[in-house]
Amino acid sequence: MKYVDEFRDPARARILVEEIHRLVARIPAARGRPLQIMEVCGGHTHTIFRYGIQQMLPEEVEYVHGPGCPVCVLPMGRVDDCVALAERPEVIFSTFGDAVRVPGSRKSLLKAKAEGADVRIVYAPLDALALARRHPDREVIFFGLGFETTMPSTAMALIQARKAGIGNFSLFCNHITIIPTIKAMLDSPDLQLDGFLGPGHVSTVIGTRPYDFIARDYRRPITVAGFEPLDVLQSTYMVLKQLADRRCEVENQYARVVRRDGNGPALAAIAEVFELREFFEWRGLGSIDQSGVRLRAAYAAYDAERKFAVANISIADPKSCQCGEVLKGIIKPHQCKVFGTACTPETPLGSLMVSSEGACAAHYSYARRTGSPTVPA
Amino acid sequence: MCLGVPGQIVSLVNPEEALAMVDVGGVRRPVNVSFLLEDRPAQECVGDWVLVHAGFALTRIDAEEAARTLELLEELGEMRGEPDA
């Protein structure tokens, strides 16, 4: 496939890996520990595990798998709220495929569906709006989650619903924003990150400008990265090059789709529909200030939280679950007490085992058996 | 979640709703292109390569930038064997 195959070329990958080894030899290991680069986005986590990229790199370089998998950071209480909404007889509850498998304290949406709740998996928010048009006698709720990549499409569904005066459609909003999340990582006393791979597709929407504070105020290098193996390797090289040259800049490896100012119409759609919440709860990370969004007052009629009584109770993760420590990079997935035993992709205890972008699910699928990568043909 | 796939706009389905047919790896499906219409009308988007996410084209793929990224890799390869400065 065009724009995919050429960024998987093994010959070019070999050159990059060799160059990374040469480069790292020039970076003084000042702190007696590996250089830690956080890949913020779960898509990068998946690529790193799928292609065994960590194992190609020198021991002095370590990826820390960041919180950029929206399914993985969904708190249990929020899943319970979804289940309660889905179990109302008048409701058709629609969402993305990944979200239905996240365990709540009682059950997942998938289990609720098996027990008779009308839960539909959709590919896009506009598909959920089409459901509302087809079923005027039912209440269609779309469970919207994700960072700025998914926000514009949710916003557009609401803009269209309001324009057409569709009264039986609403959003249960769990969208989150990337910048406060990265800032929370930078401010965490548990973490001493040396640099970042920036989220490529979030950046198609927000651009690269919002990352300036990372280089300017926190003195950390960041390279916005694409998702093919060559993209990840090249971006890693670029971050390491900055460290070798003692530079801290915002660089863009993914310039084929990411522009400095992002996508104007998509940002305008987000601004029309959403406003910041004062705080938002994350699984494993706790509450992060201004990290979530809700619907503006003009869209109150389309807000499932206002339309239906949503309990909004926060529920602690199971004690055996160490998702929070994995999310912050304090432990590796396989170091969790229940990894691969009580917690597997088939019966996940923690949300990191649910999505293929979760560090635990990716580790389980690609690196578990041999401890070394299995590279798909 | 934030996955995007490259595809090429092959025709317009409904210009008023900014709906276009996009070929993604041989599979065609309707995609909303309203986020691409800042600098040109829908009619002129046919043939464009775009990144598709959740039913929307999020951005155009810039062929020149893609080539430049690969060129940088080539240059890295050509530098090999030279002693470190």
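What relative accessibility does E281(A) have, and as what does it count?

Reply: E281(A) has a relative accessibility of 31% and therefore counts as partly exposed, a class lying between buried (under 20% relative accessible area) and exposed (over 50%), with a 1.4 Å probe and protein chains only. The model is predicted: local features need pLDDT of at least 70, and side-chain atom pairs count only at pLDDT 80 or more, whereas totals for chains, interfaces and linings use all residues. Residues are numbered from 1 along each chain as its sequence is written, chains are lettered from A and ligands numbered from 1 in the order in which they are written, and side-chain values use heavy atoms, without hydrogens or water.

E281(A) belongs to strand β11 of chain A, residues 279-282; strands (E, at least two residues) and helices (H or I, at least four) are DSSP runs numbered from the N terminus. Beyond its neighbours within four places in sequence, E281(A) has contacts (heavy atoms within 4.5 Å) with V73(A), P75(A), G286(A), S287(A) and S314(A). R162(A) lies 119 residues from E281(A) in sequence and 29 Å from it in space, C-alpha to C-alpha.

Turning to chain B, five strands and one helix are present, in the order β-β-β-β-β-α from the N terminus. Chain B is more spread out than a compact globule, because its radius of gyration is 17 Å, well over the 12 Å that the globule rule gives for 85 residues; the radius is taken over C-alpha atoms, and the rule is 2.2 Å times the number of residues to the power 0.38. The C-alpha trace of chain B spans about 60 × 25 × 20 Å along its principal axes. Of the 85 residues in chain B, 45% are buried.
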